[in-house]
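These are my notebook entries on a single chain. I set down what I looked up, in the order in which I looked.

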Amino acid sequence: MLVAAWWFASADSTSIFFPPLALIVEKFRELWLFALVGEHVVPSLQSIGLGLGISIVLGIALGVLLGLNGYVATAVDPVLQFLRYLPAVALLPLAIQLIGLGQDMRVVTIVLGALWPVLLNTIDGVRGIDPATIDVARSNRIRPVDWIFRIVIPSAAPQIFAGIRASLAVSVILMFASELLGASRGIGYFILQAQRQFSLPEMWSGMILLGIIGYLLNLILMLVERSALAWHRKSRT
């Protein structure tokens, strides 16, 4: 209904800033099905995939380590909270100076912002494991590897996935922001160049594409989470 309202309300628009939706859709078809996919979409998806993947691995590994050691977690909590609330976007100029322009800078920027939701949720999930489960594992002398991968991580998995969902949103935002400042390819770069050249229908098409990509990535993550946590829902019922 909203799309239909936008379509008819903008049909006779003569504003350069709000072109008709029909024109935007036409530009979307010309540009993104599939002329510019390899040049701009693939680099953006690579940055999101690498940044989010590194954030998940580091966040879970450090979260399990800190969650199992309450004294260390308490000691480093002020530092973690400080770094958590330091906007990764504010570190973009420093990242450009230290790393230079390119995909490495964008990936590092995404990791600096997307790491914290996974890390902090993993810590909370590990520290919330039922003490009875810990006692049973100790009494049965479960090996450390089995203890971590068969008990600790599965028990904390619901909160870990909650952190991953938040990190995904952060990753998309930071990908876009880093491409505005330090890229020669990517969706953010395309949108910025279209805005500078007053190619507003092209700019709107890039914004719509960004929303579609974010929606599809979230949908994929929801399907993965639903499959991975099927055992958790069955155990609760």
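**Surface and extent.** I took accessible areas from the Shrake-Rupley method with a 1.4 Å probe, where for residues only the protein chains shown count as cover. On that basis the chain has an accessible surface of about 13700 Å², and carbon and sulfur atoms hold 67% of this surface. The model is a predicted one: local features need pLDDT of at least 70, side-chain atom pairs count only at pLDDT 80 or more, and totals for chains, interfaces and linings use all residues. Residues are numbered from 1 along each chain as its sequence is written, and side-chain values use heavy atoms, with hydrogens and water left out.

I fitted a box along the principal axes, and the C-alpha atoms fill roughly 75 × 45 × 30 Å.

**Secondary structure.** I took helices (H or I, at least four residues) and strands (E, at least two) as DSSP runs, numbered from the N terminus. I found 11 helices and 0 strands. Along the sequence the pattern therefore reads α-α-α-α-α-α-α-α-α-α-α under that DSSP assignment.

**Burial and contacts.** I called a residue buried under 20% relative accessible area, exposed over 50%, and partly exposed in between (1.4 Å probe, protein chains only). Of the 237 residues in the chain, 38% are buried. For contacts I required heavy atoms within 4.5 Å. Among contacts with a separation of 6 or more, 76% join residues 24 or more positions apart.

**Helix α10.** I checked the length of helix α10, residues 200-228. The expected span is 1.5 Å times one less than the number of residues. For the 29 residues of α10 this gives 42 Å, and the end C-alpha atoms are 42 Å apart, so the two values agree. I then listed its buried residues, among them L200, P201, M203, W204, L209, L210 and I213. The buried residues of α10 pack against α1 (2-9), α2 (21-32), α3, α8 (144-181) and α9 (187-196).

**Nonpolar cores.** I defined a nonpolar core as a set of buried Ala, Val, Leu, Ile, Met, Phe, Trp, Tyr and Cys residues joined through side-chain atoms within 4.5 Å. Which members of the largest core touch the most other members? Among its 24 residues, they are W32, I187, F190, M203 and L209. The elements α2, α3, α6, α8, α9 and α10 each give two or more residues to this core, and α10 gives the most, with 6 residues. I followed F190 individually: leaving aside residues up to four places away in sequence, F190 touches L31, W32, L36, H40, E202 and S205. I also found a second, separate core of 18 residues, which includes I60, I129, I151 and I164.

**T122.** I looked up T122 in helix α6 (residues 103-127). T122 counts as buried because its relative accessibility is 0%. Apart from residues up to four places away in sequence, T122 touches G59, I60, G63, V64 and I160.

**Salt bridges.** Side chains of opposite charge can pair when their charged atoms come close. My criterion was a side-chain nitrogen of Lys or Arg within 4 Å of a carboxyl oxygen of Asp or Glu. The search of the whole structure returned 5 salt bridges.

- R29 pairs with E26, with the closest N and O atoms 2.7 Å apart. Both residues lie in helix α2, 3 residues apart, about one turn of the helix. R29 is partly exposed at 44%, and E26 is partly exposed at 30%.
- K27 pairs with E202 at 3.5 Å, N to O. This pair links distant parts of the chain, with K27 in helix α2 and E202 in helix α10, 175 residues apart. K27 is partly exposed at 22%, whereas E202 is buried at 17%. K27, E30 and E202 are linked in a network of salt bridges.
- R165 pairs with E225 at 2.6 Å, N to O. This pair also links distant parts of the chain, with R165 in helix α8 and E225 in helix α10, 60 residues apart. R165 is partly exposed at 33%, whereas E225 is buried at 14%.

**Surface patch.** I built patches from residues with over 30% relative accessible area and no salt bridge, joining like charges within 9 Å and nonpolar side chains (Val, Leu, Ile, Met, Phe, Trp, Tyr) within 5 Å. L50, I54, L58, L62 and L65 form one nonpolar patch, with about 420 Å² of accessible area together. I located L50 in helix α3 (residues 37-68). L50 counts as partly exposed because its relative accessibility is 43%.
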